[in-house]
Structures are given as structure tokens and as C-alpha cells.
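I opened this entry to look up a few side-chain arrangements. My notes follow the order in which I checked them.

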Amino acid sequence: MAVEETLASTSNLLVYSAMTVYTAALGAFALDLAGRGAAARPAPVAAPRGAVRPAVVPPGAAGAVDVQDRPSAPARDDTDGAPAWDDTDGADAGAVTRRRWANAGGIAVSLTWLAFLLHLGAVVTRGVSAGRAPWGNMYEFCTAGAVVVTGAFLVVLQRRDIRYLGTFVVGPVLLTLGLAVTVLYTPSAQLVPALQSYWLLIHVTVAFVASALFTLGFSTSVLQLVQGRREAARAAGRPPARGRFMDALPSSVELERSAYRLHVVAFPLWTFTVIAGAIWAEHAWGRYWNWDPKEVWSFIIWVVYAGYLHARSTRGWDGRRAAWFAIAGYACLLFNFLVVNVFFVGFHSYSGV
């Protein structure tokens, strides 16, 4: 089947359009974080309007007033529920800032939805142009995998307000697309014979979803470590001066629980990915296991995440240790995707680079 060059060009145009909108969404998410930080900054306490700061007079000096003789604070007027003085100058600065930046998060989410639709259109037209599933080389793995990451983020966002993760999801997606179009680009073409199987649709699709959830879990674990460090510094009497936006994010305990839930869902999907890959290997090469670098590293990823879940659920490993365990698993995932696929020679050498 010949490649539809018009559709392939349309796919490329949609990728660049999605990158443009992703850039705008990233800026909006950054503004949302900045607004959270400003809203979390404590407001100064304003003195009542018309109040005069008392002069400091040494005890016993002329004009000194005994503490018991000082006038009490103005009483509230209970007839209308308003204080006896005008305290409009002491309005909550955080509330004002929250109103000022309230639209940034909503705009960021809307832009992310638009970028997702453009991105999805790019992946679909790429597949239609060649009449196959659009993941036959590293360029297509990157573009398709990135759209699944964005989709997973938007799905989770419907259930929980995780807009604070937007910068840490859209940013990597944008970097992945930039890497795809500048370094990994491969023209649309037909699949190599070994990939012409229905297992491509099953095996790779589930791997994409698992990797997307691992990505969200990784971002949450990184934020957990940063938040935990800030909480420890504050407990030691050293309030952090930077990263004010973190004060508006969930606590490190809540972030760790969220990361654990994401990993609990992703791990069975990765387990299925490894098993489906073995079944496909038997169909394609006559053996379930060939000690191919891709197979070995996929199993290493499975072992690391299995160790993380086991230590977290049975050994009580939480907090920093659990976070670093999860980050180690994601480092293996990145190594498998960016290094093994490109530089290791084996049965899975389909990068096209």
C-alpha cells in the first residue's frame, strides 16, 4: 500500500500546531503556579484605620501609662456585625491574588485540551497515511506515547484537581515532541515484516498507557520530595524562601499517596505488556524469551516497580524512600525507551534512526 503523502504532511503540520498550543498551555500553567505561590503568601496584618502608633515611653517617665490603664481594642458593633473601625486596608491579599490568577488554570486546561486534539489528529493522520497503527519507529513511538501521557493527565484531571501537575506534564510532552521532530523524525512508511501483527496494537497500546501513568507517578514523586524537604525545613525553624507555590500544593504525605495510586494502576498494565511481548515473540521468532536487550530491560522495569510496591505495602516504605524507589523505576523506563531503542542492537531494532 502506497503512503498518502498529503496525509503525512498534514500530520506533520498538526504536530507543529500542537507544539505551539502546548507552549501556550505551559506558560498558562506556569502562571497558575505563580498565582498559587502569591496566594499562599501570608497577608500583612493592617492596623485599624485612624489608629495612632503609641510612642515608646520608658517606665516611670512622665506620661507613662500603666499596662492596666491602657485603653482596650475597639469593640465590634454587634448591631450590624461590622467592626467598629474600617479594616478594608487589611483585606486578604491572598484572596485578591487568587481572584487575579483564577483564570490562568482554566485557560491552561482549555489549551491543553486543544493541544491534545491537535496532537491526536497528528497521530491518527500519520497512521491513516500508511494504513497501519502509527507506532512503527521511534518518531511515532514518541508522538503516540506523548499523546497518551496528555490524555492520561486530562482523564485523571476529571476526577481530581491536579492542575498543579500541568507544568510537569506538558513540559516533558513538549520536550518529547521537540526531540521527535528534530532528531528522531522518520518519513511515513510501511511496517517491517516482524511488526505486521495484531499484537502490535495490543502490546504497544497497553505499554503506552502504563508508561503514561508511570510518568504521572514520577512527576508526583518529584514534587513529593520537594514538598517533604520544605516541610522538614519549616519544622526546623527555617521557612523556605523560594518555591512559594509549593505552599498551595498538597502535603508530601498526600502527594506520596497519589503517586502510589498511580503506580498501583500502572504496574498490572506493565505486567500485561511484558507477558504480551513474550507471546508475540513466540509468534514472530519461535521463542518466548530471547534475552534481547529490550526484553531484559522491560523485565528490569517490572522488577524495580514490583520491589517498590512490595516495599510500600508490606515493609511500610513510604516518604522519601518510596519516592526514590519510584524514581529509580522511571529512570529504567527512560533508559529502555531512549537508549535501548536507539543504541542497542537486537530483535527490537525498529527505531528508524
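A charge sits over a ring if NZ of Lys or CZ of Arg is within 6 Å of the ring centre and within 35 degrees of the ring normal. I note at the start that this is a predicted model.

**Entry 1: charge over a ring.** I looked up Arg312 with that rule in hand. Its charged end sits over the ring of Tyr260, at 4.3 Å from the ring centre.

**Entry 2: aromatic pairs.** I recorded two numbers per pair, because a pair of aromatic rings is described by the distance of the centres and the angle of the planes. Rings pair if their centres lie within 6.5 Å, and planes over 60 degrees apart count as edge-to-face. By this rule I have 14 aromatic pairs. Trp289 is partly exposed, at 26% relative accessible area, whereas Trp291 has 64% relative accessibility and counts as exposed.

Trp289 also pairs with Phe299, again edge-to-face, with 6.2 Å centre to centre and 80° between the planes. This pair links distant parts of the chain: Trp289 is in the loop between α6 and α7, and Phe299, ten residues away, is in helix α7. I put Phe299 down as partly exposed because its relative accessibility is 40%. Which residues form one aromatic cluster? I listed Phe267, Trp289, Trp291, Phe299 and Trp302.

**Entry 3: nonpolar core.** The largest nonpolar core holds 72 residues, and those touching the most other members are Tyr22, Trp135, Phe153, Tyr164, Leu200 and Phe214. I then checked which elements give two or more residues to this core, and wrote down α1 (5–40), α2 (93–130), α3 (138–159), α4, α5 (198–235), α6 (252–285), α7 (293–314) and α8 (320–343). The largest share, twelve residues, comes from α3.

I followed up Leu200. Not counting residues up to four places away in sequence, Leu200 touches Ala133, Trp135, Leu191, Leu195, Thr205 and Trp280.

**Entry 4: Leu179.** I found Leu179 in helix α4, which covers residues 166–182.

Key
Residues are numbered from 1 along each chain as its sequence is written. This is a predicted model: local features need pLDDT of at least 70, side-chain atom pairs count only at pLDDT 80 or more; totals for chains, interfaces and linings use all residues. Side-chain values use heavy atoms; hydrogens and water are left out. Helices (H or I, at least four residues) and strands (E, at least two) are DSSP runs, numbered from the N terminus. A nonpolar core is a set of buried Ala, Val, Leu, Ile, Met, Phe, Trp, Tyr and Cys residues joined through side-chain atoms within 4.5 Å. Buried means under 20% relative accessible area, exposed over 50%, partly exposed in between (1.4 Å probe, protein chains only). Contact means heavy atoms within 4.5 Å. Rings of Phe, Tyr and Trp (its six-membered ring) pair if their centres lie within 6.5 Å; planes under 30 degrees apart count as stacked, over 60 as edge-to-face and the rest as tilted.
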